[in-house]
Amino acid sequence: MIERSVTITITGDERQILQDVYDVENLKKWWMFLRDIEVKNEEEYIARFRVFMNFKFDMRRSIGLNRVVHEGKMKFPRAFFRFTVEVYPRRQGDVDVVVKGEYSGPLERLAGIPMEVFLKNFAKNLEEKYKGEASQ
């Protein structure tokens, strides 16, 4: 299994950040390599990615006090993907945001660099959203 993480500090409300990350509509804009999301119900959806090959994950999302987790499995070829965002409030409205990715499955040895690019791109998109709100 590969694991990577990125940490950023943004100005915003930690509960709103978690809600934004939980919202699959935002994932459509913020997740690199994502081709489509098909919502099944409040907690489950199907995510289709294109990285080296096509991946179709049956995903489940959950939201807690300081984290959002999106995790999924693919039956064939067998694969696992988990995306976690944790928030840690600081002073003066700043929030440390830790974005983590985990993957095991086909082409795992090649997935480290794309995972880093995926996480950095997500963090940049989240940062841009909150920079825009802070300047209004």
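1. Basis. The model is predicted, so local features are given at pLDDT of at least 70 and side-chain atom pairs at pLDDT 80 or more, while totals for chains, interfaces and linings use all residues. Residues are numbered from 1 along each chain as its sequence is written, and side-chain values use heavy atoms, with hydrogens and water left out.

2. Seven strands form an open sheet in the order 1-7-6-5-4-3-2, and the pairing is antiparallel. Strand 1 (2-11) and strand 2 (34-39) are at the edges with a single partner strand each, so one side of each has no neighbour in the sheet. On average, neighbouring strands are turned by 20 degrees against each other, direction ignored. Strands (E, at least two residues) and helices (H or I, at least four) are DSSP runs, numbered from the N terminus; two strands pair if DSSP finds at least two bridges between them. Axes are lines fitted to C-alpha atoms, for helices over the stretch in contact, and angles run from 0 to 180 degrees between N-to-C directions.

3. Strand 3 (residues 44-51) is joined to strand 4 by eight antiparallel bridges, and Phe49 stands opposite Phe55 in strand 4. The hairpin of strand 3 and strand 4 has one residue between the strands, and there Phe52 takes a positive phi near 65 degrees. Strand 4 pairs with strand 5 over six bridges, also antiparallel; Arg60 has Glu71 in strand 5 as its bridge partner. Strand 5 (residues 67-74) and strand 6 (residues 79-89) are antiparallel over eight bridges, with Gly72 opposite Phe81 in strand 6.

4. Helix 1 on the sheet. Helix 1 (residues 14-22) lies across strand 1, strand 4 (53-63), strand 5, strand 6 and strand 7, and runs at about 165 degrees to strand 6. Tyr22 belongs to helix 1 and is buried at 11% relative accessible area. Here buried means under 20% relative accessible area, exposed over 50%, and partly exposed in between (1.4 Å probe, protein chains only). Beyond its neighbours within four places in sequence, Tyr22 is in contact (heavy atoms within 4.5 Å) with Glu42, Glu43, Arg61, Ser62, Ile63, Val68 and His70. Tyr22 and Val85 are 63 residues apart in sequence, with C-alpha atoms 9.3 Å apart.

5. Two further buried residues. Thr84 sits in strand 6 and is buried, at 5% relative accessibility. Not counting residues up to four places away in sequence, Thr84 touches Arg67, Val68, Val69, Val98, Val99 and Lys100. Trp30, in helix 2 (residues 24-30), is buried at 7% relative accessibility. Contacts of Trp30, leaving aside neighbours within four places in sequence, include Asp20, Val21, Asn121 and Phe122.

6. Salt bridges. There are 16 in the structure, each defined as a side-chain nitrogen of Lys or Arg within 4 Å of a carboxyl oxygen of Asp or Glu. Lys129 and Asp20 meet at 3.6 Å, N to O. Because Lys129 lies in helix 3 and Asp20 in helix 1, the pair ties together parts 109 residues apart in sequence. Lys129 is partly exposed at 24% relative accessibility, whereas Asp20 is buried at 8%. Glu86 and Arg67 form a salt bridge at 2.9 Å, N to O. This pair links strand 6, which holds Glu86, with strand 5, which holds Arg67, across 19 residues. Glu86 is buried at 5% relative accessible area, and Arg67 is partly exposed at 38%.

7. A salt-bridge network. Asp13, Glu14 and Arg15 are linked in a network of salt bridges. For Arg15 and Asp13, the closest N and O atoms are 3.8 Å apart. Arg15 is exposed, at 56% relative accessible area; Asp13 is partly exposed, at 35%.

8. Surface patch. Phe52, Leu107 and Leu110 make a nonpolar surface patch of about 280 Å². Leu110 is in the loop between strand 7 (94-104) and helix 3 (112-134). Patches are made of residues with over 30% relative accessible area and no salt bridge, with like charges joined within 9 Å and nonpolar side chains (Val, Leu, Ile, Met, Phe, Trp, Tyr) within 5 Å. Accessible areas come from the Shrake-Rupley method with a 1.4 Å probe; for residues, only the protein chains shown count as cover.
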